[in-house]
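Dear colleague,

Please find below the structure for your review. My notes on its helix packing and on one of its pockets follow.

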Amino acid sequence: MLKSYSVNWMDYNMDNLAEVVFPSTPFPDVLDSTIMATFKACRHKAWLEYILHWKPREPSVHLHAGASFAKGLEVARTSFFVDNQPAEEAAASGLHALLTAYGDFECPQDSAKSAERTAGAYEFYLHNYPLGQDGCIPVTLPGGKRGIEFSFAHPLPIKHPQTGDPIIYAGRMDMLANFADGVFIEDDKTASSLGALWGRQWDLRSQFTGYAWGCRESSIKADGVLVRGVSILKTKYDTQMAVSYRPEWQVDRWFEETCQLVEEMITCWESGKWLHNLDHACTDFGGCLFRNICLSQDTQPWLENYFQRRKWNPITREETIL
C-alpha cells in the first residue's frame, strides 16, 4: 500500500493550523530575479537560501569579484556623467572603488579573479568601451537623475500571505542607456570564459525580461538589452557584446508566468513542502552550494558548520547577518 503524504486538516486544532499555515519563518516581502531563478531551479534550494536565509560562510570568488567590478564601473560612470570628471580621473575613481570593494578578500589560488586581475579586467573594459565614446550614454530621467544603477520596485497583484500587502518585485540594472537610437537595458557580466554561444543565452533570460517589465511600470519603454561580457583568465582578457530585444508579448508572458510562480511559492510556504530538484540543478554551473546538505540525512550540523544565516535585501542588494 502506498503511504499517503496528504494532510488531514480536520486533525488539527486552530493552534496547529496557524502553525502550519503561517510558519514562524516569514515569507519575503520583496522578490527579485535571483530569488525567482533559484525557485525555478530547485524549490528546496530557494527554501534554504531565501526563506531560511542560509548562505555559505565563505563567499564565492565569482560573486565577490563581479560585485567589485560592478562597483568600479558604477563609480566611474557617476564620476564622468554626473560629476563631470575627465575620463581619466573618472576611471581612476572607479578603480579605487573597485579595489576598496574587493578589500582583503583572499582569492583561491586556482581562480583568476584576484584583486589585481579584476582591476585589470576593469581597465580592459574601459579600453574597449571608453566613457562617453562607446555609443552608450546613460539616459536622463525625470528630475535630472541619470540612468546609472537604475532600480525599480513595483507591486505585484498578489497579496503577501502574512501582511496582506502587495508583494513587491524589484530589480536594479547596471545602466539604462541611450544606444543605437533607442533606450537599452545595459548589463555587465564577468566570466571565466566567453564561448561561441555566450551571446545567445541572454535572448530568453528572465532577469532582463523582468527589467523590461520594471521599466514599463516606471513609464519607460526599453527597446532592448545590451550585455557586455569580460572574461578574466590568468593570462588574458576577452570581451563580447550581445544585443537582444524584449517585445511587449514577451514581457506580458513573463509577467503572467512570474505571478503564477509567486503563487506556487506561497503554496510551498503555506504547506511547508519545498521539493528537491535532484537533477541537473545539482551540478550546473559548478554544482549547487547545498549539494552536501542534500547528501546528508542530518542536515543541521552541515548548515551550522559551513553556512551562516544572512538575509538578502533585493532593494539595497545587501545581506544582513541574522
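In these notes, an axis is a line fitted to C-alpha atoms, for helices over the stretch in contact, and angles run from 0 to 180 degrees between N-to-C directions. Helices (H or I, at least four residues) and strands (E, at least two) are DSSP runs, numbered from the N terminus. The model is predicted: local features need pLDDT of at least 70 and side-chain atom pairs count only at pLDDT 80 or more, whereas totals for chains, interfaces and linings use all residues. Residues are numbered from 1 along each chain as its sequence is written, and side-chain values use heavy atoms, with hydrogens and water left out.

Helix packing

Helix α4 (residues 61-82) packs against helix α5 (residues 87-102) at an angle of about 150°, and their axes are 7 Å apart. The two are therefore roughly antiparallel (angles over 145 degrees; under 35 is roughly parallel, 65 to 115 roughly perpendicular and the rest oblique). Contact (heavy atoms within 4.5 Å) involves, among others, Val 61, Phe 69 and Phe 80 in α4, and Ala 87, Leu 98 and Tyr 102 in α5. By class, this contact has 13 nonpolar, 6 polar and 1 charged residues. Here Ala, Val, Leu, Ile, Met, Phe, Trp, Tyr, Cys and Pro count as nonpolar, Asp, Glu, Lys and Arg as charged, and the others, Gly among them, as polar.

For helix α2 (residues 33-41) and helix α3 (residues 43-51), the axes come within 5 Å and cross at roughly 140°; α2 and α3 are therefore oblique to each other. Thr 34, Ile 35, Thr 38, Phe 39 and Lys 40 of α2 meet Arg 43, Lys 45, Ala 46, Glu 49 and Tyr 50 of α3. This contact has 4 nonpolar, 2 polar and 4 charged residues.

Helix α7 (residues 206-217) and helix α8 (residues 248-271) have axes 9 Å apart and an angle of about 100°, and are therefore roughly perpendicular. The residues that meet include Trp 213 and Arg 216 in α7, and Trp 254 and Phe 255 in α8.

Second largest pocket

A pocket is, on a 1 Å grid over the protein atoms alone, an open set of points where a 1.4 Å probe fits, with protein on both sides within 12 Å along at least five of seven lines; lining residues have an atom within 4 Å of a point. The second largest pocket is lined by 15 residues, with Pro 28, Asp 29, His 53, Lys 311 and Trp 312 nearest its centre. Strand β9 (residues 307-313) gives the largest share of this lining, 4 residues.

Yours sincerely
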